[in-house]
Amino acid sequence: MKNCFGNNCGTSIDIRDIDFANPSPNLVYMDKVFSRRKSSSCPLMTELNTGEGCSENFVVELATYGGVHTNECHCGCDSGCDSVVIGTPPVFNVEKSYVEMEYFNNYPPGHTECMHASFDGVHTCSINYTNGRYLINTANINGEIQNSKCASQGLPTKCFFLLQNAGPWQFRAKYILEGTVSANGKVCCFKAKVYSRDNTPNETLPPCLSSNFSIEDLSIPCTVDGIAPDVFFQFSACANLINPRLVLQGEGRGLALITGMAITPTLQVEVVRRTLFNVNAREGLLPCDGVSPEEDVIMCNFDKTCKPQLPCNTICPEPCSNGCRESCSNGCYETCNDSCNDSCNNGCTNNCNSGCSCNNYSNSCGSLIEPRTAFQYNGCNGCSW
């Protein structure tokens with residue numbers, strides 16, 4: 001089982017041909033999630049009939065079993081139910097039913113003409129649809145949303161979020177029913193799965209069935225350096241069958257599901273802002289576009305103009321043997337080698353007693369050496385910059 005998952009699932013990353021610098025502070029913009037909330041609307045009532053001209057759009061899988069009391073069947077079913085041929089009109093007694101909602105969204109997808117969103121009563125019509133999610137950019141209204149006391153402390157403002165007139169809806173689902181069936185003088189347990197065929201249209205709810213959602217305390221951060229938060233949301237739903245019935249259609253058309261449905265739309269909301277972080281990470285040393293890897297190595301390891309941009313302790317490739325310290329995992333220290341004088345074996349630590357150690361943070365006396373500054377420093381062994 002583990003091998004099966006390993007061959008078919010999981011990430012696939014190959015970094016063998018990428019060199020990475022040693023960990024160093026980096027300023028990185030990342031999307032920070034300030035709020036993640038869910039809300040449900042009122043149930044929407046509808047009916048479903050997979051017969052009456054719609055039978056070609058649905059598949060009904062029926063499995064029967066029985067013979068003993070099992071966890072699946074507590075009904076005292078008869079034996080010989082594995083291959084029941086339903087001749088006389090069967091009588092289905094549905095004991096359990098549930099719905100697996102595969103898709104739920106308004107239609108056409110991205111339709112926002114009727115939807116209205118507000119934050120503490122501040123309305124916005126700027127609702128877009130991108131990558132399967134709806135997006136509200138708060139740049140034009142965030143100043144009206146923010147609480148000055150919260151903003152002065154750098155804290156998000158909690159507000160009342162209201163989304164109105166979401167819909168009309170379409171959905172796709174699988175319906176599972178379990179119970180007993182009486183046919184040909186036998187009582188058998190059954191499990192039926194009803195679902196839409198591939199390449200058939202989704203089911204739609206009447207256009208008049210729209211939904212409203214509210215969240216009491218959605219956290220909205222302030223705008224920083226012109227970067228305002230974005231509010232993403234998407235829809236899903238849970239559903240229940242009401243008095244479901246399986247009936248045998250005439251003229252050999254098979255079974256049909258006739259049921260009432262209660263569909264409860266749900267809303268998931270995320271508030272995200274592009275935020276600056278200081279991350280201690282190893283940066284990938286990738287060549288510039290239009291520059292071959294060989295040219296990049298020469299420029300960044302030997303060109304004086306590149307030295308200030310190189311992080312100390314950068315791991316360099318094998319051709320960069322001179323200027324690298326063998327005792328330091330072949331690490332190239334172009335920006336650090338300047339701290340050692342020429343008597344330090346051309347920047348290598350072999351037989352180097354000048355007081356410059358591998359990482360340039362300690363000398364032979366065991367005291368710390370500060371990073372190089374614009375001032376001259378004389379170490380205990382006479383190493384000067």
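Visitor: Before we start, what does contact mean here?

Guide: Contact means heavy atoms within 4.5 Å. With that in hand, residues 24 or more positions apart account for 71% of the chain's contacts with a separation of 6 or more. One caution: this is a predicted model.

Visitor: What is the mean pLDDT of the chain?

Guide: The mean is 77. Of the residues, 68% reach 70 or more.

Visitor: And where does pLDDT stay under 50?

Guide: One stretch is residues 67-76. The model has 13 contacts beyond four places in sequence for that stretch. Another is residues 296-313, with 32 such contacts.

Visitor: How many helices and strands does the chain have?

Guide: Five helices and 18 strands. The chain has 385 residues, and 38% of them count as buried.

Visitor: What about the accessible surface?

Guide: The chain's accessible surface is about 22,600 Å². Carbon and sulfur atoms hold 49% of that.

Visitor: Let's go inside. Which residues touch the most other members of the largest nonpolar core?

Guide: Phe-119, Phe-161, Leu-163, Tyr-175, Phe-233 and Phe-235 do. The core has 50 residues. In soluble globular proteins, nonpolar side chains tend to be buried together.

Visitor: Take Phe-161. What is Phe-161 in contact with?

Guide: Setting aside neighbours within four places in sequence, Phe-161 contacts Ala-117, Ser-118 and Phe-119, among others. Its partners also include Ile-136, Phe-213, Ser-214, Ile-215 and Leu-218. Leu-267 and Val-269 are on the list too.

Visitor: Now the outside. Which residues form a nonpolar patch on the surface?

Guide: Leu-27, Tyr-29 and Leu-276 form one. Together they have about 330 Å² of accessible area.

Visitor: Where is Leu-27 placed?

Guide: Leu-27 is in strand β1, which covers residues 24-40.

Visitor: Why does Leu-27 count as exposed?

Guide: Because its relative accessibility is 67%, and exposed means over 50%.

Visitor: Switching to charges. How many salt bridges does the structure hold?

Guide: Six. One of them pairs the side chains of Arg-36 and Glu-270, at 2.2 Å from N to O.

Visitor: Which parts does that pair tie together?

Guide: Arg-36 lies in strand β1 and Glu-270 in strand β15, residues 255-281, so the bridge ties together parts 234 residues apart in sequence.

Visitor: Are those two buried or exposed?

Guide: Arg-36 is exposed, at 52% relative accessible area. Glu-270 is buried, at 13%.

Visitor: What does the side chain of Arg-133 meet in a salt bridge?

Guide: Glu-270, at 3.4 Å from N to O. Arg-133 is in strand β8, residues 133-137, and Glu-270 in strand β15, so this pair ties together parts 137 residues apart in sequence. Arg-133 is partly exposed, with a relative accessible area of 27%.

Visitor: Which residues do the shared partners join into one network?

Guide: Arg-36, Arg-133 and Glu-270.

Visitor: And Arg-37? Which side chain does Arg-37 meet in a salt bridge?

Guide: Asp-217, at 2.2 Å from N to O. Asp-217 sits in strand β13, residues 211-220, and Arg-37 in strand β1, so the bridge ties together parts 180 residues apart in sequence.

Visitor: How accessible are Asp-217 and Arg-37?

Guide: Asp-217 counts as partly exposed, at 30% relative accessibility. Arg-37 is partly exposed as well, at 31%.

Notes. Residues numbered from 1 in each chain as written. Predicted model: local features only at pLDDT ≥ 70, side-chain atom pairs only at ≥ 80, totals over all residues. Heavy atoms only, no water. Core = buried A, V, L, I, M, F, W, Y, C linked by side-chain atoms within 4.5 Å. Buried < 20%, exposed > 50% of the residue type's maximum accessible area, 1.4 Å probe, protein only. pLDDT = per-residue confidence, 0-100. Patch = residues over 30% accessible without salt bridge, like charges linked within 9 Å, V, L, I, M, F, W, Y side chains within 5 Å. Areas by Shrake-Rupley, 256 points an atom, 1.4 Å probe, with all protein chains shown as cover. Salt bridge = Lys/Arg side-chain N within 4 Å of Asp/Glu carboxyl O. Helix = DSSP H or I, 4+ residues; strand = E, 2+ residues; numbered from the N terminus.
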